[in-house]
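Trainee: Please take me through one part of this model at close range. I would like the strands and how they pair.

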Amino acid sequence: RGYLDSITAIGPRTVGSPENEVLAVNYLLEQIRAIERESTDAHKISVDVQRPTGSFSIDFLGGFTSYYANITNVVVKLEPQNGAQHAVLSNCHFDSVPNTPGASDDAVSCAVMLEILNTLSKSSEPLQHAVIFLFNGAEENILQASHGFITQHEWAKSIRAFINLEAAGVGGKELVFQTGPENPWLVQAYVVAAKHPFASVVAQEIFQSGIIPADTDFRIYRDFGNVPGIDLAFIENGYIYHTEYDTSDRILTDSIQRAGDNILAVLKYLATSDKLAKSFEYRHGNVVFFDVLGLFVLAYPARVGTIMNYITAAIAFLYLSKKVLQPKTRAIHNLKKFFTAFGLTLISWVCTLVTVLIVAVFVSVIGRSLSWYTHFYVSVFLYGTAAVATLILVHMLAKKFFYKNMNEQYLGDIFFDASLMIWSIALAVMTRMGLCSAFICTLWVAFPLLAKLMIHKEFSQKGATMKFVMMYMLGMFVPYLYMMYLSWTVFEMFTPIMGRSGSEILPDVVLAGFIVVTTMILSSYFVSRICKCCLKLLNLSLEFRINLFHASRRFHDVDGNLVKSDSGIWINGFDYNGISHITPHVPEINDTIRTPCEEHAPFCGLPWILPVHFMFRLVKNWYLPAPEIFPRSPVHFKVLSKELMPWNSVRLSFEVSGPSHMSVYVRPHEGSALSTWSLGDGMPVASLGGDYFVFYSHGLQAAPWRFWVELTAPEKHSDGIVSLAIAAHYFFGEDQKSPQLYALLERFPNWTFSSGWSCTYDLFVF
């Protein structure tokens, strides 16, 4: 724990700041040298400080290009005395976002890695392969340092697998939420070695679907290094993730110990595995994996799962067809009753979904969105009871109009069969789509069907015997228990994310959808037997995130003349509710100062640090007039050359110098097209909306940034062929917060987390 406390004591560690580039690096090197002095003769430790410069494009947040200069990586290689040809990588990052000590994201992982390095180096038993520990210093800049390492460092060529340590919350269990691609032997390594397993292929498929607006270094090693790996993250208490409250005292020692036990065991297993040296030979197929209540992990090849799924679905279809079509004299009657129950079940689900979503929209419209935020069980009461009540109402009406005077046991039997049919169809469809998560459907088909077959005689009798009840509940126990366990994990991850998902997404609608799906799953075999519902509960609990930027903007025309300038505090909230809860405390922040969009300027003339504009409605941005700011290290922008190229192309070369974080926005004018540039792989990647976004950062003592863009242009272009804007962001130091920004932040209530810095926006037309 001493490592964690020391790293977080440095304070926020943004890329380019002395805290990140000097203090954190020096601390890591000091601890590594101390570990090296105490290591045994069985090992050799090599240390390297890498400061890479590079560029790449990434299909994330709508797509953009990243450029980095002189950022920092601290790399340690632990290997046998006679060296090793192959290596396994362990990755953490010591940088943080502004205004947070970043204890969970990701100082605790770096502390765990230091302790693992210390433990392995003191072992008298030599490793078969090398273990490379990468303490990367620019992950929060959208994965720049990992790209610099895997594409440029000489040790990267020896890496055959990796473990990435991340965080989406503060402490708790660390969840394996990504593996591969393919390479099922890696999951088997985790299954065998991890002492406290917690893993889910469901989390992997949710994360890789893009629903969660986040990414990790896993993507870089996979896409740019062609290396398979395991991605782990703490997920508990994500409410204080990326806030000033992410401090070391909030991470329990048990969580650190648990993570250390798991990662040490897996790293040691991989470093002594024969499969690591031949990892490419085992790259075949995906794997289905999930833990059982944290006790152990079940894992098997996806192709085996496919066979199991189809066999299970086939048995269910065979059972249903045999039951419905026999005796032949009642086949038509049975089919009619069966498909009526099947249709009513689907109708009840649709009605439930529509009803609960209407409730969620109503809650949002009346300004009570996220009222459940810090206590997700409140949302379960609110939307769960609405879902249960709707299901009950539909089935009561169905019983009244379609099943008058029908035996209760027969009614339960036929709706059981209808639910079994739905689950069997879902199993076949999901398996056909190649989703590993189809194993959930297998549970909901196999166990109820097995119970049904075991107590078939009791089902045909009038009244339910104790044996029938016990067997029926036992058959449902496994899928119910696992589904509730999985639902808890999903809610643990998703509820905090809803509070920082921007103003474009209705968080209540998303969460209500999850609750409806969970309710339908849990009630699928019992809904016809439910006879009472719960009361609704509405509670109000607030935790509000908001960003404030003191911005100065300057707009120039094609002749270089300044046509407009202004300055103000630009406000955007991560909360869907906007500023309605803030206005009573800070009256000047109200709907009269909503941000106007500068239609002629890229990204509406606003200094976005990342292309996340699509997550925020412009009507939920505000611009409070404020005095102009004069940074001590302003942006210096210079046009180096304008060259006519073949095929009616023009190449514009620029030089930019400024703070550690800048963004460049490019918008070709009508008739023009951005054909190539000196960034990434040379192929420009447009963001959502059509503008081009380049994220830039540098470490200490970086040379001025030079780049060029090439455009095809029409012969007549009196209004120019391209608009290019540069935004500078001051994350640290004396320029970070103006007196006006400080004063405004002090007035915010203590239940908010407000983050802010100064920035500038300069638009030029060429």
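Mentor: Start with β1 and strand β4 (residues 73-80), which pair in the antiparallel sense over eight bridges. Two strands pair if DSSP finds at least two bridges between them. Strands are DSSP runs of E with at least two residues, and helices are runs of H or I with at least four, both numbered from the N terminus. Within this pair, Lys 44 has Glu 79 in β4 as its bridge partner.

This is a predicted model: local features need pLDDT of at least 70, side-chain atom pairs count only at pLDDT 80 or more, and totals for chains, interfaces and linings use all residues. Residues are numbered from 1 along each chain as its sequence is written, and side-chain values use heavy atoms, with hydrogens and water left out.

Now widen the view. β1 belongs to an open sheet of seven strands, in the order β1-β4-β6-β5-β7-β9-β8, with mixed pairing. β1 (43-50) and β8 (174-180) are the edge strands; each has a single partner strand, so one side of each lacks a neighbour in the sheet. On average, neighbouring strands of this sheet are turned by 15 degrees against each other, direction ignored. Those axes are lines fitted to C-alpha atoms, for helices over the stretch in contact, and angles run from 0 to 180 degrees between N-to-C directions.

Another antiparallel pair is β10 (residues 287-292) with β11 (residues 296-301), over six bridges. Val 292 stands opposite Phe 296 in β11. The two strands form a hairpin with three residues between them. In the turn, Leu 293 has a positive phi of about 55 degrees.
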